[in-house]
Amino acid sequence: MAAVAVSPRTFEPPDFTRWVLVVSGEADVQRRTRRALVRAGFAVEIAPDVPEALSCLEVITPALVVVDDDLPGASDLLDRARAVGVDSASHSDVVGQELAEYRERNRGELLR
């Protein structure tokens, strides 16, 4: 999993039903991701491919879209998710930001 889209609704009060759309063709990834998200209080919809995920977006506007970016059409799916109001961030953006914050926090220790 590498591409992630997050809606501002993700941060609403816990009594709000939050939907997550997980798009992966791998059954093991689907199962583990569903389990983790359900434990976190999300309702999860699984789509094995981009065409099915696009059909889901016609019915629900998820709070979160988790997409295997190796799937054909993954970027089109993220574009469609943005069009229906889901904000997005790529895995590399999130990892890059965390590394930058780590370096900043530990800069003083590295210079000693």
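User: Which helix does Gln30 lie in?
Analyst: Gln30 lies in helix α1, residues 27-39. Helices here are DSSP runs of H or I with at least four residues, strands are E runs of at least two, and both are numbered from the N terminus. This is a predicted model, where local features need pLDDT of at least 70, side-chain atom pairs count only at pLDDT 80 or more, and totals for chains, interfaces and linings use all residues. Residues are numbered from 1 along each chain as its sequence is written, and side-chain values use heavy atoms, with hydrogens and water left out.

User: Is Gln30 buried or exposed?
Analyst: Gln30 is buried, with a relative accessible area of 16%. Buried means under 20% relative accessible area, exposed over 50%, and partly exposed in between, using a 1.4 Å probe and protein chains only.

User: What is Gln30 in contact with, leaving aside neighbours within four places in sequence?
Analyst: Ser24, Gly25, Ile46 and Pro48. Contact means heavy atoms within 4.5 Å.

User: Next, α2. Which of its residues are buried?
Analyst: In α2, which spans residues 50-59, Val50, Ala53, Cys56 and Leu57 are buried. They cover an arc of only 110 degrees around the axis, so they are on the same side of α2. The arc is taken from the directions from the helix axis to the C-beta atoms.

User: And what covers those buried residues of α2?
Analyst: The cover includes β2 (18-23), β3 (42-47) and α3 (74-83).

User: Which exposed residues are on the face turned away?
Analyst: Pro51, Glu58 and Val59.

User: What does Asp49 do at the start of α2?
Analyst: A side-chain oxygen of Asp49 comes to within 2.9 Å of the backbone nitrogen of Glu52.

User: Back to β2. How many of its residues are buried?
Analyst: 5 of the 6 residues of β2 are buried, and the strand is mostly covered.

User: In what sense does β2 pair with β3?
Analyst: The two strands pair in the parallel sense, over 6 bridges. Strands count as paired if DSSP finds at least two bridges between them. Ala43 in β3 is the bridge partner of Trp19.

User: Where does the charged end of Arg18 sit?
Analyst: Over the ring of Phe42, 4.2 Å from its centre. The rule asks for NZ of Lys or CZ of Arg within 6 Å of the ring centre and within 35 degrees of the ring normal.

User: How many helices and strands are in the protein chain?
Analyst: There are 5 helices and 5 strands. From the N terminus, their order is β-β-α-β-α-β-α-β-α-α. The protein chain has 112 residues, of which 34% count as buried.

Notes. A polar contact is a pair of N or O atoms within 3.5 Å; within protein, one must be able to donate a hydrogen and the other to accept it, and residues adjacent in sequence count only if both atoms are side-chain atoms.
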